[in-house]
Amino acid sequence: MNDSHLMLLEFFPCSTDIFKDVAIADGLSIVLKDMNKTQSGFKYVYSKNGNKIEIDADCPGDTLFSLNPRDVEITKKT
């Protein structure tokens with residue numbers, strides 16, 4: 001997530017949203033890189049049950065990155 005070439009990260013916590021008969025306990029991620037990208041940050045998409053939350057994210061460095069953008073307030077309390 002700290003790769004400067006990272007352009008898009010889409011996370012599916014329920015792998016069955018992509019593969020109907022395949023259960024992957026940790027979910028599934030789709031990563032898109034652009035080797036010519038010069039700006040920092042990336043688009044993050046959290047997809048669950050056909051619903052998507054899209055945010056423009058900064059590279060997290062050593063800080064905790066919440067997989068569900070709705071949980072950001074919780075991570076700020078730690």
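**Exercise 1. Classify Asp3 by its accessible area and find its charged partner.**

Asp3 has a relative accessible area of 26%. Buried means under 20%, exposed over 50%, and partly exposed in between, with a 1.4 Å probe and protein chains only. Asp3 is therefore partly exposed.

The model is predicted: local features need pLDDT of at least 70, side-chain atom pairs count only at pLDDT 80 or more, and totals for chains, interfaces and linings use all residues. Residues are numbered from 1 along each chain as its sequence is written, and side-chain values use heavy atoms, with hydrogens and water left out.

The partner is Lys33, whose side chain meets that of Asp3 in a salt bridge of 2.6 Å, N to O. A salt bridge here is a side-chain nitrogen of Lys or Arg within 4 Å of a carboxyl oxygen of Asp or Glu. Because Asp3 lies in the segment before β1 and Lys33 in strand β2, the pair ties together parts that are 30 residues apart in sequence. Strands (E, at least two residues) are DSSP runs numbered from the N terminus. Lys33 is partly exposed, at 46% relative accessibility.

**Exercise 2. How many salt bridges does a search of the whole structure find?**

The search finds 3. Besides Asp3 with Lys33, Lys52 pairs with Glu10, their closest N and O atoms being 3.3 Å apart. Lys52 is in strand β4 and Glu10 in strand β1, so this pair ties together parts that are 42 residues apart in sequence. Lys52 is exposed, at 52%, whereas Glu10 is buried, at 11%.

Lys43 also bridges to Glu54, with the closest N and O atoms 3.6 Å apart. This pair links strand β3, which holds Lys43, to strand β4, which holds Glu54, 11 residues apart. Lys43 is partly exposed, at 35%.

Definitions and conventions: Helices (H or I, at least four residues) and strands (E, at least two) are DSSP runs, numbered from the N terminus.
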